[in-house]
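Here are a few notes on charged pairs to go with the picture. Have a look at it first, then read on.

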Amino acid sequence: MTDYYEILGVPRDASPEAIKKAYRKLAREHHPDVAGTDAASEDRFKDVSRAYDVLGNPEKRRAYDMGADPASPGGGMGGGFGFQDIFETFFGAGAQAQRGPIPRARRGQDALVRLDIDLAEATFGVHRDVQVDTAVVCPTCQGTCCRPGTVPRTCEVCAGRGSVQRVARSFLGQVMTTQPCAACHGFGTVIPEPCTECAGEGRVRSRRTLSVDVPAGVDTGTRIKLTAQGEVGPAGGPAGDVYLEIRERKHEVFVRQGDDLHATLPVPMTAAALGTVLTLDTLDGPREVDLRPGTQPAQVVTLKGLGVGHLHHGGRGDLHVHVEVQVPTPLDEEQSELLRRLATLRGEERPEARLQAASAGVFSKLRDKLSGR
């Protein structure tokens with residue numbers, strides 16, 4: 001039997017990491033792109049690859065250490081009995097005969113459907129109809145897979161057991177193995193006359209409309225589970241689930257952070273200095289904002305309860321309005337003269353330059369500007 005450990009140049013107790021390292025080194029040395037088309041190097045590369053295929057796989061390596069060669073025809077045992085049969089025998093393949101035939105009806109697969117919504121729908125919730133292409137029970141055979149008027153027939157090969165047994169010789173002696181019946185594919189029955197509409201599947205493709213209530217507070221990535229609304233399984237098996245994955249569209253004004261909303265409010269310098277009352281268009285309609293005299297740049301006015309609804313409990317987040325004071329430009333001569341007079345009255349003709357520590361908001365704005373937000 002070929003000594004794969006010798007080919008890779010590792011001891012028999014080498015760790016998986018050592019085997020992988022040795023293989024990579026030898027594979028690079030003898031790869032055709034490196035060694036050229038030399039026949040000896042090509043054969044060496046094949047030997048190295050075959051050795052790693054066995055020693056790099058825990059089950060194959062275990063069988064090899066027991067005396068089998070998984071890389072040879074028949075697994076190195078002769079008589080059509082390979083190492084896979086050993087593992088099936090000792091690790092549960094024979095147990096299938098105890099379980100009986102495989103049920104023909106199986107659960108259908110789950111489906112993932114993306115649902116785009118806007119900010120207002122995420123804020124207040126919305127009822128939506130969603131179309132999905134899925135599998136439904138065949139209306140002709142009602143999931144039996146048979147042409148109407150016919151029924152499944154017990155498999156004559158396995159007598160309805162769904163599996164067959166055979167005796168094979170190995171170095172362990174005679175071993176009984178159990179395999180799924182090739183005639184009925186393990187079901188124990190055969191369909192003599194399949195339904196023509198579903199071709200014996202028991203289900204057909206169809207487009208369905210699902211109604212769903214999207215709760216307030218969902219966000220991009222939120223998944224809503226619709227139980228048993230997915231595709232019907234083979235032979236009319238139980239339906240899988242549908243998961244609606246929410247994707248929220250970007251709003252042209254409001255930026256969402258959690259359940260709070262943020263927006264910028266440009267305010268003339270005079271209005272910020274003197275104070276004013278402004279009417280804003282919010283998701284709840286017009287709302288008044290009272291700016292006190294002396295409102296400063298970057299000041300935040302919070303409107304309670306005008307944010308996004310909380311997903312798992314009542315109430316809503318807040319709307320935070322960030323004031324952006326606008327300096328007038330350009331100025332005509334009369335406006336310039338008025339500002340010069342104001343500066344004189346306030347003693348600000350030549351303001352003193354004094355640096356102060358930058359606030360966190362300054363760095364946030366700089367980061368947003370650099371990232372193109």
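Is D241 buried or exposed?

1. Start with that residue, and keep in mind that this is a predicted model. D241 is buried, at a relative accessible area of 8%; the cut-off for that word is under 20%.

2. D241 has a charged partner: its side chain meets that of R107 in a salt bridge, at 3.3 Å from N to O. D241 sits in the loop between β8 (223-226) and β9 (242-248), while R107 is in the loop between α7 (96-99) and β1 (111-117), so this pair ties together parts that are 134 residues apart in sequence. R107 itself counts as partly exposed, with 46% relative accessibility.

3. Now try R316 and D284, another salt bridge, where the closest N and O atoms are 2.8 Å apart. Look for R316 in the loop between β14 (300-303) and β15 (319-326), and for D284 in the loop between β12 (276-282) and β13 (285-291); the pair therefore ties together parts 32 residues apart in sequence. R316 is partly exposed at 25% relative accessibility, and D284 is partly exposed at 26%.

4. One more to find is D53 with K60, a salt bridge whose closest N and O atoms are 3.1 Å apart. D53 counts as partly exposed, at 39% relative accessibility.

5. How many salt bridges are there? The count comes to 24. As for why such pairs form, side chains of opposite charge can pair when their charged atoms come close.

Notes
Residues numbered from 1 in each chain as written. Predicted model: local features only at pLDDT ≥ 70, side-chain atom pairs only at ≥ 80, totals over all residues. Heavy atoms only, no water. Salt bridge = Lys/Arg side-chain N within 4 Å of Asp/Glu carboxyl O. Buried < 20%, exposed > 50% of the residue type's maximum accessible area, 1.4 Å probe, protein only. Helix = DSSP H or I, 4+ residues; strand = E, 2+ residues; numbered from the N terminus.
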